[in-house]
Amino acid sequence: MGISGDPASLSPAKITGGVWEEDVLRDIFEGPIAIDVDGQIIPGAAESWEISDDGKTYTFHLRDGLEWSDGEPLTADDFVYAYRHQVDPKTASNYAHRLYPVVNAQAINAGSKPLDSLGVESLDDGKTLQITLNAPTVYFLKTLVLPFAYPIPKHVVDEFGDDWSDPSHIAVNGAFKPVKWVSNTELETVKNDHFHDADNVSLDGVDYYPLEDKNAGIQRFRAGELDILRDYPAAQYPRLSENLPDATHLFPSLGTYYYVFNLRDGSPVADKRVREALSLAIRRDVIAKQLLKGGVEPATSLVPPGTSDYDAQSQPGLDDDMDSRLAKAKSLMEEAGYGPDKPLELTLRFNSGDEHRQIAVAVAAMWKPLGVDVELRNTEANVHYADLMEGDFQVARAAWISSYDDAQNFLQLLSAETNNYGAYQNDDYNQLVSQSDAEQDPGKRAQLMQQAEALALADYPLTPIYTYSSRNLVNPEIEGWNDNALDMHASRWIELPE
C-alpha cells in the first residue's frame, strides 16, 4: 500500500493526525469500536455497549480472552492507562482534546488535576470499561474509532519507556503487527495471530510505502509493486480512468482542502482585511476544474456538503462574480496599506507533493494583481504539520479528512488546541460549538453548528479551496475494498487472489 507520508510514530499518542497515520494505526490497533468494510461502526475490542439515559455514561463490555500481540492479557486497565496517557500534559498528545468531553480530562491536560481523576474506570476485574462525560456529547461515540481511543500496553511501556512503539518492542491489539520500519522507505507488518478475529483475516501482512511523489506511486502501481495507492493526484483522474478504468476509484468524501492564516500578533495576515482579500481572489473553479481536472469540487465552506444532518455555510463573498470579488479584494488591500507600489510579502507553506505545489503556484499568481509577492516553501509532511502546530508559518496549506460523519469534526479545527493552527479565538464561536455538543435535538444542534460556522468563516481564519473526493488506485482483483464517504478501509477485510 502506498500512503501519503511516513507516520510520525506508531504510538497512538505521538502521531500528528495525518490520514496516512490513521490508516496505519487502524490496522495495528483497535479501540472499543471498529469499522466495517463500508466504514460503519461495529463492535471492536468491546462486544457491546450501553449509553445511560442522561447521555453521560458509556459502558463497554470487552470481549472474553482479549490479548496483546505478545500474548499478554488485554483488559479495561489498558484502556484506562491509554486515556490517562493521552491527557497527561507530559505526553503532549495531539489527540488529547478529543477526550475533553470526559470528566476532568481538560483540567488534567492543563496540569490542574491528577491523572487518576479522569472519568474512566476499569470494572468487573478489567472486563468492563466505563467512560463518564461532563455533559451529553452526541458525537462522542463516533470518535472512538480514532487513535486516541486505542489501548496502550502498559507492560511494554514500563519496560521500554518511549521506545515501546519501536517494531522490535511493540505490542498491538489490531489485525496486523509491525515487524520492520525503515523511516521514509517502508513499514512492514505481519498478521497478528492474537487478534480476536484473526481467523477471518485473509492477508499475511501489509507493507506500507510512504510516497509523497504520487506520480512515482502511479508508476509503481502500474508495475505491480503496489496493490493499493492512496490519494492519487486529482489531475490524473481523466488519464487514469481511461487507462486503468477497473483500478481507478473516485468517490465523494468528507474532506476539505484549505489555506489557514496565522492570526498571531506580528503576522502579516493578522489583519482581517488582508485575509478577506486573499480569500476573495482565489479562483476555486480554476483549481478544481482545470488544474485538478474535475477530480475535486470547489469549496466555499469548511464543513463539506454531504455531511449528515447539516447545511454547509459559505464564506461571505465567495458566491459573488469574480470581477466584483477582485474589485473588493483590491480595495481591502489598499485599505490595509498594500498595493502594487507597496507589495505585501508573504510566505506560503505546503507539504511536499506536485499537486500542492501546483495549487500554491496558481494561488500565488492569483494574488499577484493585489500587490502580493509570494515566497513558496515546502517541507515533508511531518515537518510541515509540526511547524503549523508551532505557529511557524504565515499562510499554509492544510486539509481535514473526517473520520466520522459529523460537522463537529470540522468545527473543532477552530477551537481545538492542537489543530487550530492559526490560533483563531472567538468566545461566541466557542460557546455555540459547546452548546451544540450538548444539544440532543438534531435540528437544534445543526442550527447551532451552522451559526458557528457562519460566524467563524466571516472572520476569515482560513479559506476553503476544494472539497475532497477519495482517490485510490486499487488492484481490481482485490476483494473487501468498498468505497465510502469516510474513505476508511481496514485491511482486515481485504482479500487477495490466491
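# Pockets, cavities and strands: how the calls are made

Modeller: In this predicted model, 50 residues line the largest pocket, and S4, W20, D231, R397 and Y468 lie nearest its centre.

Colleague: What makes a residue part of the lining of the largest pocket?

Modeller: A lining residue has an atom within 4 Å of a grid point. For the largest pocket, 50 residues line it.

Colleague: Which elements give two or more residues to that lining?

Modeller: They are α1 (19-28), α6 (214-222), α11 (354-367), α12 (381-390), β16 (395-401) and β17 (462-474). β17 gives the most, with six residues.

Colleague: How many of the lining residues of the largest pocket are nonpolar, polar and charged?

Modeller: The lining has 17 nonpolar, 20 polar and 13 charged residues. W20 and Y468, two of the residues nearest the centre, count as nonpolar because Trp and Tyr are in that class. D231 and R397, also nearest the centre, count as charged, because Asp and Arg do.

Colleague: Why is a space called a cavity and not a pocket?

Modeller: In a cavity a 1.4 Å probe fits but cannot get out, whereas a pocket is an open set. The whole structure holds six cavities of 30 Å³ or more. About 150 Å³ of space lies in the largest cavity.

Colleague: Which residues lie nearest the centre of the largest cavity?

Modeller: R26, F29, E30, A34 and I35 do, out of 16 lining residues. The elements giving two or more residues are α1 and β2 (33-35). β2 gives the most, with three residues. By class, the lining divides into ten nonpolar, two polar and four charged residues.

Colleague: Why is strand β12 called largely enclosed?

Modeller: Buried means under 20% relative accessible area. Eleven of the 14 residues of β12 (residues 248-261) are buried, so the rest of the structure largely encloses this strand.

Colleague: How do you know that β12 pairs with β17 and with β16?

Modeller: Pairing needs at least two bridges. β12 and β17 have ten, in the antiparallel sense, and P252 stands opposite S469 in β17. Seven bridges join β12 to β16, again antiparallel. There, Y257 stands opposite A399 in β16. Both counts meet the cut-off, so both are pairs.

Colleague: What makes β4 and β6 edge strands?

Modeller: Four strands form an open antiparallel sheet in the order β4-β5-β7-β6. β4 (46-51) and β6 (120-123) each pair on one side only. Neighbouring strands of this sheet are turned by 20 degrees against each other on average, direction ignored. Four bridges join β6 to β7 (residues 128-132), and E121 stands opposite Q130 in β7.

Colleague: What makes helix α8 mostly covered?

Modeller: Eight of its ten residues (272-281) are buried. Among them are V274, R275, L278 and A281.

Notes:
Residues numbered from 1 in each chain as written. Predicted model: local features only at pLDDT ≥ 70, side-chain atom pairs only at ≥ 80, totals over all residues. Heavy atoms only, no water. Buried < 20%, exposed > 50% of the residue type's maximum accessible area, 1.4 Å probe, protein only. Axes fitted to C-alpha atoms, helices over the stretch in contact; angles between N-to-C directions. 1 Å grid on protein atoms, 1.4 Å probe; cavity = no way out; pocket = protein on both sides within 12 Å on 5 of 7 lines; lining within 4 Å. Points joined across faces, edges and corners; volume = space filled by probe spheres on them.
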